[in-house]
Structure formats: structure tokens, C-alpha cells
Amino acid sequence: MFQAFYWDVPKWIWWTNLSAKVDELAQAGFTMMWLPVPYKGASGDGSVGYDPFDHYDLGQYYQRGTYRTRYGYSYELTNAAVPGQTVTGLITKLIAANIMPICDIVLNHMAGGSGGDYKTYTYPDHHKFEKSTTDFHPSTLGHNDELAPYHHNWNFGAPEHHPLDVAFLARNMRSGFKQWGSWLVTDVLYGGFRFDLSEGVEPWLIWEWMSYPAQRGRFAFMEYWDGADGKQMQEWLNLTGKRAAIYDSNLRANYLKPMCNSNGAFDMRKLAPTNCFLGLEPEHTVVFIDNHDTWREGDTNKLGITSNKPLAYAYAFHSQGLPMVFYHDYYEKPYLSNSTAVAFGEPLTNKINRLIRIRKVAVAGNLEVLYSDTNLYIQLRLGNWQKSASILVLNDNSSETLSHSVETPWANTKIVDLVSGTAEVTTEANGSAYLGALPRGYRIYAPTNILQQVEE
Ligand SMILES: [Ca+2]
Ligand SMILES: [Ca+2]
């Protein structure tokens, strides 16, 4: 999956920028694209999108001082919103290229309402899904309005532009959101969804929303920040009826980030996917390295991973979860300086493209940790009827090439690092081989004939 934006992308050109990249992203092998929030926000054409004002305004109505959103006009995104439109919109291009367009769904709150309590939303141009005071908290409909989970005090009593918490038991909201989701699928042609701030939404609402006919059975994933061991995320997954995956914030914060940033000091034994959501629910895990919330230019509180991201990407692409690639890592400078949060470094395009190729031919099936110590981590993916087995080697040592003997599934076989196309090793009759990687480096081993498939 490709996360097709970062915080504060350049204004008004983003849909056209992405449209120009669809073919090369499809060629690279991406099959899903998480797009930024497409509907009109309270802060108009500067809004990143997390202050939703009108769910049906994709940049075709003059509201909040603008037709277009931060990302462009509706006709640049979708052919559906403007009847008779002849420009090929981004979503049409994505579908033609077999990339699933994923809509960012903000349910928890809205902003920009009018009236004394800022809770009145009227849309003179279309009148769809208008809202009033009873659609927000505090509500008389019998739900706890003040306490987490689902509600956050910082959402209350806020003035214009500050988000106000949605009351999902209000009939207008409960049915209105589901019908809107249906419109996103059947008219705008989105194929999947990402739920913003899911911990602020009643889990039954997500379950119900994903069970509505147009949304049912589609791919979705949730934002859910859990710094502990993944069990809270697993509980959330179950509460939402397993209708949506979760991106693993714990794995990233406690394992991948310290591995990349600590220049060897990280204990690589921790990478065994046991104490995180990925280990508990691999089929419902999205593995991410950085995103718009962890990485922001000019914000020293959001420096993201500041060195050696390819180590984390190698782990993600060899994992049982779904790897996600961050736009800035792929197309621009992946790192932020510690003191000023200025971006630097070369784009990781080629490194990531190689990992995508490797995953497509040689990463599948069950996972087994073959060896680990404080600096070296070696895991096997067993493959399936379609894909070869492969072995990932991660070396955390900052100066030494490290290797160790492991039991491979191959006897008397020449195997090679699919990443570099070199470092050939011949396994013993019992399958054992010494496998290693360069300092702060990664290799992915498979039989030499698999290399040809990677390079096809
Ligand atoms: Ca809420
Ligand atoms: Ca180490």
C-alpha cells in the first residue's frame, strides 16, 4: 500500500500530481493507495482534511471560501462528482491501473458549523446530510458524553474551527454516515477505507458502517494508537467485528524506530513478532514506517525515524502484515534533522521497488525466527504454492558484517541475496548455511533461480 500524501503537501496540485504518478506506481507493483481526505474542511482550500465541514463537497461547491480543496477540484479526483466531466480523474486512473483507491474516513468530529453552538451545518447547493445541535455531544441519547473511550474532553466546548464530537446515536448521523459511505463507493468509486482516530468512534459504528451493503467485504484499516503490547489493539479489532485492519503503532514506536535510530544499541531479539499486534493478528496488521502524524517537516516533535529506514522497510516487506510506503520516503527526502526538522537524504524509490519485487515472488506463508541475538536477526518465510520461501537477515551492528549458521529449507542448493543479487551461498546436505549481512544492512536469501524472477 502507498500512503499518497504527507502533512502539508503543496496546495491545490495534489490530485494532478498523483495522477501523473499512477502508471509508475502501478508498474512498481503497488496495489492500494491511501489518499488524503477529499471532502471540504472548515479551513477551506488550506485544510489538510481532518476538520470536515461537508462530506459531499469534494471540491465542486463554493463553501468555506473556495470551490477546490487543498488537493484540487472534484473533477481532478473523480469523474463522478461532475456529470459530463471529460477529464480523467485520479480515481478512474487508479482503477484502470488496478490500484485500489482508499478514502480517508473522518467520523469522530466535524468543524466549521454555524449557530451559537457551532453545530449547525447547512449546504445550500445540495442539502445532503445537513446537521444540527442534536447531532453532536453532549447528547440526550443515553451515551456517556464526557469520558474516554470514544469521547475526548478536548473535543468539547470548542469554538468555530475546533472539532466537535459527533453523537453516533443521533439518527441523522448514524444513517447519514452510512449512506455517505455508500455514495463514496457507488458514485465516487473508492474501493477501501481508512478510519481516522478510530478510538474516538464507537466500535459498533465502525462494525455497522462496514456492514452496510456498499461497504461490506471491502478493505479497510484503522488508526489506533496503542503504545503497549498490541493487546489493546486486538481488543479493538474484536470490538469492531474484525471489519478493518489496524496500522501497528506499537511495532513502529517500540521496535522499528529504535532499531533504525540506535546505531546498533537496539536488541534485535525483540523483533520476533510476538509482543505486538503484528504477532497477534498478522492478517489484520498494516506495517508502517512513518506517516503524516509521525513525520512533519518543521516540527521537532515529529521527527519520525531519523536514520536507516531501509532496515525497517525490509522488515515490513518480509512481514506477515501489509507493508505501507510513505510518500515522502518514496519520492522525496526521507529524514528530518534533529535540531530543525529540515528534510534530507535521497528518496528510497529504488530500494523500496526492489523490496516490492521480492515480496511478490518470494515472501509468503508462515514465519519462523531462525536465529536472533542482540545484533543479528534471521527469519524464514516458508512460502506457498505460488511463492518461494525466503530468509531475511538483518544486521544491526554498525561496523561488522555478521553471520550465523541457520537451518534453511534447502539442501545442497545455491542461494543468493535477492536484494543485491550477490553474496551467493551453497547450503549443506542438511540444509544448514551461514547467512549474514553487511553492517546495518539487510539481505533476503532464496534459491538463485528466484533472483531471475525478481529481476524480470
Ligand atoms: Ca468521539
Ligand atoms: Ca544491537
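This is a short walk through the fold of one chain, taken from a predicted model, and I will go from the whole chain down to single residues.

Let me begin with the overall picture. The secondary structure of the chain comes to 13 helices and 23 strands. Its radius of gyration is 23 Å, close to the 23 Å that the globule rule gives for 456 residues, so the chain is as compact as a globular protein of that length. Taken along the principal axes, the box that the C-alpha atoms fill is roughly 75 × 50 × 45 Å. Of the 456 residues, 49% count as buried, and if we take the contacts with a separation of 6 or more, 68% of them are between residues 24 or more positions apart.

The chain is divided into two parts, with domain 1 covering 2-362 and domain 2 covering 367-455. Their C-alpha centres lie 35 Å apart, and across the boundary 21 residues of domain 1 are in contact with 27 residues of domain 2. Which helix gives the most to the side of domain 1 that touches domain 2? That is α12, with 5 residues, and both α10 (309-317) and α12 (349-362) supply at least two residues each to that side.

Now to the open sheet, which has 9 strands in the order β12-β11-β10-β9-β8-β5-β2-β1-β13, with parallel pairing. Its edge strands, β12 (322-323) and β13 (325-326), each pair on one side only. As one example of the pairing inside this sheet, β1 (residues 2-3) and β2 (residues 32-34) run in the parallel sense and are held by 2 bridges, with Q3 standing opposite W34 in β2.

The buried residues of α5 are M173, F177, G181 and L184. Seen down the helix axis, these buried residues fall within an arc of 70 degrees, so they line one face of α5.

In domain 2, which covers 367-455, I would point to strand β18 (residues 390-395), where 6 of its 6 residues are buried. In a regular strand the side chains alternate between the two faces of the sheet. In β18 both faces are covered, with S390, L392 and L394 buried on one side and I391, V393 and N395 buried on the other. Strand β17 (residues 376-381) runs antiparallel to β18 and is joined to it by 6 bridges, and within that pairing L380 has I391 as its bridge partner. Strand β23 (residues 442-447) is also antiparallel to β18, through 4 bridges, and here the partner of L394 is Y442.

I will finish with some backbone details. Most residues other than glycine have a negative phi, and most peptide bonds are trans. Where does this chain have a cis peptide bond? One runs from H137 to P138, with omega near 0 degrees, and P138 lies in the loop between β6 (109-110) and β7 (164-165). The loop between β6 and β7 also holds Y118, whose phi is positive, near 60 degrees, although the residue is not a glycine. Is Y118 buried or exposed? With 21 C-beta neighbours inside 10 Å, Y118 counts as buried, because the cut-off for that is 20 or more. N263, in the loop between α8 (249-261) and α9 (277-280), likewise has a positive phi, of about 50 degrees, without being a glycine. N263 is partly exposed, with 14 other C-beta atoms within 10 Å.

Methods: Residues numbered from 1 in each chain as written. Chains lettered and ligands numbered in written order. Predicted model: local features only at pLDDT ≥ 70, side-chain atom pairs only at ≥ 80, totals over all residues. Buried ≥ 20, exposed ≤ 12 C-beta atoms within 10 Å, placed from the backbone. Arc of directions from axis to C-beta. Pairing = 2+ DSSP bridges. Rg over C-alpha atoms; globule rule 2.2 N^0.38 Å. Contact = placed C-beta atoms within 7 Å. Domains from an automatic or database assignment.
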